[in-house]
Amino acid sequence: MTMPTSQPTQTAEVARLLAKCQRVVALTGAGISVESGIPDFRSKGGLWTRFPPDQYATIQAFMDDPEKVWQMLAEMEKVLDRAKPNPGHLALSRLEKLGVVEGIITQNIDGLHQEAGSKTVVEFHGSHRTLGCQWCGKGYGSDEFDGTETPPLCSCGKVLKPDVVFFGEAIPTRAMNDANSLASGCRVMLVVGTSAEVVPASQMPMLAKRNGATVVEVNVERTLLTDSVTDHFLQGKAGVVLTDLANEIAKLL
Ligand code: NAD
């Protein structure tokens, strides 16, 4: 069965809207990085099938048994280290350079938007590039460890945790404030590759909409947002849809 994809006329209509409005903020989720080889929570046979998030991605699980959680983190690090930005990340970076995209709020911890050249990126769920000690508070760069030391240990002897937001942890205040400000000030919110099931990131499209923004969604399948909040649904792979969109917009500017 072939996946339905959005029609060129629909892409052209959304391109005109984005080129006209300009103040566009993207909210991205795991789906934008699937084409870089990083599985989302839903992919069959992926990392998350073997390491269920409720057992390996909660702060309670980490505090109870950090060594167990590092079995998952070590595998995830290998996947993240290999990953390179794909055409979806590059299209958003191009749209920022064109003055259309104001910023990106990402739920991803992979750093691929920055690697693709995007400058204004709010890492809503933190980043895997730094680690911290939950017991003494000391911070480290992940490049201070070569991957052979698993789990990596703090100088105080405790197991380090990557600075990613586990389920049950609060969103860092600065990321929350920056995301709220971008979402409430944009004219279009481009929601890419998120199931919109993780709160509070999933509330950003509603916040944008309440403040008058149009919501454009790019996903391979319909989500909780599609029939409630989304104004334009572009169905297809982020790499393909965003590249088409950026090409159309570039012609209009
Ligand atoms: P999710 O796994 O809940 O949903 C992913 C969404 O992306 C789904 O709706 C799926 O249909 C869609 N999708 C899959 N492939 C796509 C493609 N090629 N193009 C467009 N859409 C595609 O992800 P989420 O909503 O981001 O929430 C999961 C949480 O897991 C987030 O907090 C995120 O931080 C974390 N996570 C991050 C990464 C990463 O950093 N790359 C990877 C896995 C999970």
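Ground rules. I number residues from 1 along each chain as its sequence is written, and side-chain values use heavy atoms, with hydrogens and water left out. Because the model is predicted, local features need pLDDT of at least 70 and side-chain atom pairs count only at pLDDT 80 or more, while totals for chains, interfaces and linings use all residues.

Entry one, the ligand shell.

I found an oxygen atom of the ligand 2.6 Å from an N or O atom in the side chain of Thr-194. A ligand oxygen atom also lies 3.2 Å from a polar backbone atom of Gly-193. For Asp-110, a polar side-chain atom is 2.8 Å from a ligand nitrogen atom. I then checked the cover: the ligand taken alone exposes 850 Å², and the protein buries 94% of that (Shrake-Rupley method, 1.4 Å probe).

I searched the whole structure for disulfides (cysteine sulfur atoms within 2.5 Å) and got 0. Cys-154 is in none, and its nearest cysteine sulfur, that of Cys-136, is 3.6 Å away. Cys-154 counts as buried because its relative accessibility is 5% (buried is under 20%, exposed over 50%, partly exposed in between; 1.4 Å probe, protein chains only). Cys-156 is in no disulfide either, with the sulfur of Cys-154 nearest at 3.7 Å. At 42% relative accessibility, I list Cys-156 as partly exposed.

Key: Polar contact = N/O pair within 3.5 Å; in protein donor to acceptor, adjacent residues only side chain to side chain.
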